[in-house]
Amino acid sequence: MKEIKILLVDDEEYFVKSLSKYINKMKKLRADIVLNGKEALELVENEAPDVIVLDLKMPGIDGMEVLRRVKKAYPDVQVIMLTGH
């Protein structure tokens, strides 16, 4: 089974760092983190992940816009939306 690449996108740095530590301890999972929508789109363009855990409310490019762009260019990427609001 191949390694599953997960991208965590949230402007709450403590949250994504904590979650990535937990995920990276599991076999066959690798989590990368970015703190805003612009960085997320750049990373996806370079190496599309299998799954994105995406915050809805972020400064700059928000989660809905990231979702639209990712699904248009990479329809097979699975996206989990979340928000603290």
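Analyst: With contacts: two residues are in contact when heavy atoms lie within 4.5 Å. This is a predicted model. Leaving aside its neighbours within four places in sequence, methionine 58 is in contact with Val9, Asp10, Asp11, Asn36, Gly37 and Gly63.

User: Which residues make up the largest nonpolar core?

Analyst: In soluble globular proteins, nonpolar side chains tend to be buried together. Here the largest nonpolar core has 12 residues: Leu7, Val9, Val34, Ala40, Leu41, Val44, Ile52, Leu54, Met58, Val66, Val70 and Val77. Two or more residues each come from strand S1 (4-9), helix H2 (37-46), strand S3 (51-55) and helix H3 (63-73). H2 gives the largest share, 3 residues. Another core, of 7 residues, lies apart from this one and includes Ile6, Leu8, Val16 and Val51.

User: How do I read the faces of a helix, and which residues of H3 are buried?

Analyst: An α-helix has 3.6 residues a turn, so residues three or four places apart point the same way. In H3 the buried residues are Gly63, Val66 and Val70. Viewed down the axis of H3, the buried residues fall within an arc of 60 degrees, so they line one face of the helix. Arg68 and Lys72, on the other side of H3, are exposed. The cover over the buried residues of H3 includes H2, S3 and S4.

User: How many of the 6 residues of S1 are buried, and in which sense does S1 pair with S2?

Analyst: Take burial, then pairing. In S1, 5 of the 6 residues are buried, so the strand is largely enclosed by the rest of the structure. S1 pairs with strand S2 (residues 29-34) in the parallel sense, over 6 bridges, and isoleucine 4 stands opposite leucine 29 in S2. Between S1 and S2 the chain passes through helix H1 (residues 13-24), and this β-α-β crossover is right-handed. S1 also pairs with S3 in the parallel sense, over 4 bridges; there leucine 8 stands opposite valine 53.

User: Where is leucine 82 found, and what is its relative accessible area?

Analyst: Partly exposed covers the range between the buried limit of 20% and the exposed limit of 50%. Leucine 82 is found in strand S4 (residues 78-82). With a relative accessible area of 25%, leucine 82 is partly exposed. The C-alpha atoms of leucine 82 and glutamate 45 are separated by 22 Å, and the two residues are 37 residues apart along the chain.

Methods: Residues numbered from 1 in each chain as written. Predicted model: local features only at pLDDT ≥ 70, side-chain atom pairs only at ≥ 80, totals over all residues. Heavy atoms only, no water. Core = buried A, V, L, I, M, F, W, Y, C linked by side-chain atoms within 4.5 Å. Buried < 20%, exposed > 50% of the residue type's maximum accessible area, 1.4 Å probe, protein only. Arc of directions from axis to C-beta. Pairing = 2+ DSSP bridges. Right-handed = clockwise from strand over helix to strand, strands pointing away.
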